[in-house]
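Here is a short briefing on one protein chain. Look through the sequence and the 3D view first, then read the points below.

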Amino acid sequence: MNKAMLLACAAAAGISGAAMADTTIDFDSLPGGTVASDQYRALGVVFGGNWLVMGPGPFTNPVTGDNSVSIFNPDAPGENYLVSIDFVIPGTDTPAAVPFFAFTATDASSPNTNFFMRAYNPQGFEIGFAGRLVEADGVYNPEVDPELIFTAPEGQSIARIEVTVSALEGNRVVEGDNFRFGPLIVPPCGPADVGAAGGATGYDHVLDNNDFIAFINLFFAQDPLADRGGVGGFPGSDGAWDNNDFIVFINQFFAGC
Ligand SMILES: [Ca+2]
Ligand SMILES: [Ca+2]
Ligand SMILES: [Ca+2]
Ligand SMILES: [Ca+2]
């Protein structure tokens, strides 16, 4: 391969990397000893449970920078433990979702500690997981500490992650670094969320007048999205656009998110 082709390949790789628009939380901006919780809301992430920032120090195993994060039960390190991650629209309480996440577990207190990250969609259903057994060698070694990556199946997204640390014996502590995810999207607020600002067709995780305007437009355009009711006002499409569709839409609207 000649030099021009190499440069072209490098440029193409750079473009595809940038297009992913992912975000990495490296825990390096928080002092060691801090529990990560709400500090990354501006990035769209809220940590739940004991995500204890570690470092800098000789017994810390970060992937990048000086800091890592450890997960364990602060009251009983010898017990199995569960923590969580919820995605939000940056700086708000509005739920959000992502198509993928990644995290690198770098060390454990006990050999063969089970580390699992389970992904839940905006409706609360588990859609998959990433996990592995983590050794207790006391070092970060990329050859044995690969980045764990989970990508949502086609048509799905990840709103919440539950992380478990478990082992047969010894302390249940897993250390890791670089929580990576993206890009954040706003999931619909239930089936009635068919409108956004200005009455435009779409969704914005808010149920308001815009959804009525958008629904009425969809109805008169005989859009399949508006055919959601049949005889008797029961949910389901019947190939007719009539009063039954309004009954179902109004019920869905008042049912909320
Ligand atoms: Ca770090
Ligand atoms: Ca390791
Ligand atoms: Ca809406
Ligand atoms: Ca109908």
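In which loop is R228 found? R228 sits in the loop between α2 (209-220) and β14 (229-230). The model is predicted: local features need pLDDT of at least 70, side-chain atom pairs count only at pLDDT 80 or more, and totals for chains, interfaces and linings use all residues. Residues are numbered from 1 along each chain as its sequence is written, while chains are lettered from A and ligands numbered from 1 in the order in which they are written.

**Overall layout**
- The chain holds three helices and 15 strands. Both are DSSP runs numbered from the N terminus: helices are H or I with at least four residues, strands are E with at least two.
- The radius of gyration is 23 Å, well over the 18 Å that the globule rule gives for 257 residues, so the chain is more spread out than a compact globule. This radius is taken over C-alpha atoms, and the rule is 2.2 Å times the number of residues to the power 0.38.
- Along its principal axes, the C-alpha trace spans about 70 × 60 × 30 Å.
- There are two parts to find: domain 1 (21-182) and domain 2 (195-255). Such bounds come from an automatic or database domain assignment.
- The centres of domain 1 and domain 2, taken over C-alpha atoms, are 40 Å apart.

**The open sheet**
- Five strands form an open sheet in the order β2-β5-β10-β7-β8, with antiparallel pairing. Two strands pair if DSSP finds at least two bridges between them.
- β2 and β8 (126-134) are the edge strands, each pairing on one side only.
- From one strand to the next, the twist averages 15°. Axes are lines fitted to C-alpha atoms, for helices over the stretch in contact, and angles run from 0 to 180 degrees between N-to-C directions.
- V45 has F87 in β5 as its bridge partner.
- Strand β2 (residues 45-48) has a covered face, V45 and F47, and an uncovered one, V46 and G48.
- Eight bridges join β7 to β8. Y120 has E126 in β8 as its bridge partner.

**Burial and cores**
- Buried residues make up 33% of the 257 residues. A residue is buried if 20 or more other C-beta atoms lie within 10 Å of its own, exposed if 12 or fewer, and partly exposed in between; C-beta atoms are placed from the backbone.
- The largest nonpolar core has 39 residues, and I71 and V174 touch the most other members. A nonpolar core is a set of buried Ala, Val, Leu, Ile, Met, Phe, Trp, Tyr and Cys residues joined through C-beta atoms within 7 Å.

- R228 is buried, with 25 other C-beta atoms within 10 Å.
- Leaving aside neighbours within four places in sequence, R228 is in contact with P235, S237, D245, V248 and F249. Contact means C-beta atoms, placed from the backbone, within 7 Å.
- R228 and D238 are ten residues apart along the chain, and their C-alpha atoms are separated by 7.7 Å.
- S110 is found in the loop between β6 (100-108) and β7 (113-120). S110 counts as buried because 20 C-beta neighbours lie inside 10 Å.
- S110 and E147 are 37 residues apart in sequence and 20 Å apart in space, C-alpha to C-alpha.

Definitions and conventions: Contact = placed C-beta atoms within 7 Å.
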